[in-house]
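Here's a quick look at a ligand shell and a couple of helices. Have the structure open while you read.

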Amino acid sequence: MPFLKQNQVLAGINTAPNAMKSIVIIGAGPAGLMAAEVIAQAGHAVRVYDAMPSVGRKFLLAGIGGLNITHAEEFDKFVSRYASHSSNGQTRVANWLRDFTPSQLREWVRALGIETFVGTSQRVFPAEMKAAPLLRAWLARLRSQGVQFFLGIGGRGLRMMAR
Ligand SMILES: Cc1cc2nc3c(=O)[nH]c(=O)nc-3n(C[C@H](O)[C@H](O)[C@H](O)COP(=O)(O)OP(=O)(O)OC[C@H]3O[C@@H](n4cnc5c(N)ncnc54)[C@H](O)[C@@H]3O)c2cc1C
């Protein structure tokens, strides 16, 4: 799962009161959906485009073998699984993960109405192990926040729109 730091997502967007912007996000995978959520919650109008005819296709694939959403191990060990080749990279990743910890991620999933459990390997899974219920609930919440989706529009279509 991608983790997004709220102030990084909002960097460059004028968040002054009454400064609602219209934001386009290209890609309706988990990263695009999380960006859409953060930006919509900040009060901006969000349109999400994806080249594929439906959203989160790779995410749904991820659910086939059991969707591992995070890990319940001790934080330093968890961080060491990322960017293990460079201490600089690891510090950066640690800062991102402190901003949205594994426990916060579990709470975020819970707020979508989906319980999680810790497996024997300390990996964390949604109760049904699948991605589809989570994605359905997430999309419903995004739509209720006003996020609009435009599917089947990829490179050429997007270039034409940009003209
Ligand atoms: C078999 C499998 C199992 C996995 N298991 C897990 C797991 O258990 N736990 C876990 O955390 N992760 C797992 N993953 C990885 C997880 O699916 C990815 O990390 C996640 O989907 C990445 O999200 P993303 O939004 O960055 O990219 P993507 O999910 O790849 O989303 C990018 C989106 O952008 C769209 N797009 C790209 N270019 C354009 C363009 N030019 N115009 C319009 N749209 C465009 C694509 O169509 C796509 O929908 C698994 C992956 C696979 C394949």
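Predicted model: local features only at pLDDT ≥ 70, side-chain atom pairs only at ≥ 80, totals over all residues.

Residues are numbered from 1 along each chain as its sequence is written.

Let's start with the ligand. There are 23 residues around it, with Gly 27, Gly 29, Ala 31, Ala 51 and Ala 62 coming nearest; "around" asks for a C-beta atom, placed from the backbone, within 6 Å. Helices here are DSSP runs of H or I, at least four residues, and strands are runs of E, at least two, numbered from the N terminus.

Now for α2: its 12 residues reach 16 Å from first C-alpha to last, close to the 16 Å expected at 1.5 Å a residue. Buried residues (20 or more other C-beta atoms within 10 Å of their own; exposed means 12 or fewer, partly exposed in between, with C-beta atoms placed from the backbone) in α2 include Pro 30, Leu 33, Met 34 and Ile 39. After α2 comes Gly 43, with a positive phi near 95°.

Over in α7 (residues 132–144) sits Ala 140. Ala 140 counts as exposed because it has 12 C-beta neighbours inside 10 Å. Ala 140 and Leu 112 are 28 residues apart in sequence, with their C-alpha atoms 9.4 Å apart in space.

Terms used. Expected span 1.5 Å × (residues − 1).
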